[in-house]
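The sequence and the structure are shown below.

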Amino acid sequence: MVTGGHRTRILRRLTRPPARAFYIQSPVSFYVTTPIYYVNAQPHLGHAYTTIAADVLARHMRQRGEDTFFLTGTDEHGEPVADVAEREGIPPRELADRNVVHFKEMSEKVNASADFFIRTSDPEHGAAVRGFMQGLYDNGHIYPGTYEGWYCPRCADFKNEQEIVDGNKCPIHKIELNWEKEDNYFFRLSAYQERLEALYTERPDFVMPRERYNEAVGFIRQGLEDVSCTRARLRWGVKAPWDESQVFYVWFDALLNYYTALTYARPGEDLTERYWPADFHLIGKDILKFHAVIWPAMLMAAEVEIPRHLFIHGFLLMQGEKMSKSLGNVLDPFKVIEVFGTDALRHYCMREVSFGQDGSVSTEGFEARYNTELANEYGNLANRTLAMIARYRGGVVPEVTAPDALAGDFAGLPDDVRDRFDRAELTTALEQIWSRGVRRLNRYVEEQAPWTLSKEGKDEQLDAVLYGLAEGLRVVSVLLHPYMPDTTIRLLAALGQTELSLERASFGAVPGGATVGKLPPLFPKIEATQAA
Ligand SMILES: [Zn+2]
């Protein structure tokens, strides 16, 4: 039984100070997760969006030297998978094996640097879920009861009042539901009413942004009732160890992935001590209730530390009527990657819609940002800077002191970005890098007109300007690295630089002297006439 080992870990955990502030001097750990994606669906922009956001956070934290762990994966249990498998005459696990490939591909295509991909059908996860839940059962947090509700025979599952549509129909199958009863087991959620209220009072940043925090507090204040945590008629799931006629209700199994993954992500090593509690669970607003109410209560019952933050992002709403010639009217992430590259998609997702809010995206909007920001403002700045250093200084960055005008404008930018990342403000951080960095450098080129300085033989001034541009471009590229990992590495290499750490992101930290290389256009302009 896994319970013994599990308990030992919990006890060890309770004996160490909970707050990370005590550990400022030693390497800090950072643990970020995406939700696990339901394996029956096809990956779409929504999945790519959350995965990109988690990756941006993870890469930034690695730049800070934090010991980072990034988890993603798939949710594979439940009747929809079992049903499709049965229709095809194959075991559910085989169906999951086939479909999981699409999600792994999606993760790779968006260049997610995930440390582990969990599948809830992993036997190690199942064993850890059984151990965790057995612990709750042994300590009286789970008891037998009778569950009553609207039941869909096709889903083989109950639907709650929020899920049913058109009176009493299944939201998936649109068929009339039956009112049925079933003997199963309940988790004592009601016992955590006060502790959950206290958690939200003590930690106003537990759920971010603020409106989602308010929504979560609203759920709790309505009064909590015990929730059924097993199902008697479900077939494909993790069996309750104390009653193998039941499987765990899929949410209990799914939520635990964040915790169980650490026990087996590295063979022969338990990473729980090192990374738990999670720093950020990134989730969509549709799954707030389970994460904000049931999940912390489950952890409280097991005496496991609560994650530091849940960050709830909004939805990217497709505006079909705004259509681009190269992409048509659907912003399909795979098509965007094929035509414009991964970094262009990553930039657009983080830039267009404020992370945490709903917002509109369109193929037309994508093309506009691609052309103005990536092709013109960043790509063109890079090519001009490298070309001028080649033409005027034989390809070597002048060794002079940083020009005051730029040094002043860049002062404090890395710290500002760092603070925003601490609050998962991925869009405002990008805005700052863009307006204070990329756009400032473009204006600087126009203000200083290096071609005129060269013509007029103002060598000292030209040296300062060229160093300022190379150094500014280096700084913005280091700061932009989490958003556009490949492009920034290529650009930094052309500048003769490889260092990505945030410590070196301050303007003037790297002296001149590097030999620059050539760079093909980072973001070639796509002519509207070459429609796909
Ligand atoms: Zn149904």
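Predicted model: local features only at pLDDT ≥ 70, side-chain atom pairs only at ≥ 80, totals over all residues.

The surroundings of Leu 57 can be listed individually. When residues up to four places away in sequence are not counted, Leu 57 touches Phe 30, Val 32, Phe 280, Leu 282, Phe 421, Ala 424 and Leu 426.

## Packing of H14 against H17

Helix H14 (residues 363-393) packs against helix H17 (residues 426-448), the axes lying 11 Å apart at an angle of about 50 degrees. H14 is therefore oblique to H17, and the crossing of the two helices is left-handed.

On the H14 side, the residues that meet H17 are Glu 373, Leu 374, Glu 377, Tyr 378, Leu 381, Arg 384 and Met 388. Their counterparts in H17 are Trp 434, Val 438, Arg 439, Leu 441, Asn 442, Val 445 and Glu 446. By class, the contact of H14 with H17 comprises eight nonpolar residues, one polar residue and five charged residues.

## Packing of H6 against H7

The crossing of H6 and H7 is left-handed.

H6 contributes Gln 193, Leu 196, Glu 197, Tyr 200 and Thr 201 to the contact, while H7 contributes Tyr 213, Ala 216, Val 217, Ile 220 and Arg 221. The residues of the contact of H6 with H7 fall into six nonpolar, two polar and two charged.

Helix H9, residues 257-264, is mostly covered, with seven of its eight residues buried. The buried residues in H9 are Asn 257, Tyr 258, Tyr 259, Thr 260, Ala 261, Leu 262 and Tyr 264.

Glu 471 is located in helix H19. Its relative accessible area is 3%, and Glu 471 is therefore classed as buried, the limit being under 20%. With neighbours within four places in sequence left aside, Glu 471 is in contact with Ser 506, Phe 507, Gly 508, Ala 509 and Val 510.

Glu 338 lies in helix H12, which covers residues 333-340. With a relative accessible area of 65%, Glu 338 is exposed. Between Glu 338 and Asn 40 there are 298 residues of sequence separation and a C-alpha to C-alpha distance of 24 Å.

Lys 325 is placed in the loop between strand S14 (316-318) and H12. Lys 325 also counts as exposed, at 57% relative accessibility. From Lys 325 to His 60 the separation is 265 residues in sequence and 34 Å in space, C-alpha to C-alpha.

Notes. Residues numbered from 1 in each chain as written. Heavy atoms only, no water. Buried < 20%, exposed > 50% of the residue type's maximum accessible area, 1.4 Å probe, protein only. Helix = DSSP H or I, 4+ residues; strand = E, 2+ residues; numbered from the N terminus. Contact = heavy atoms within 4.5 Å. Axes fitted to C-alpha atoms, helices over the stretch in contact; angles between N-to-C directions. Parallel < 35°, antiparallel > 145°, perpendicular 65-115°, else oblique. Left-handed = near helix turned anticlockwise from the far one by under 90°. Nonpolar A, V, L, I, M, F, W, Y, C, P; charged D, E, K, R; others polar.
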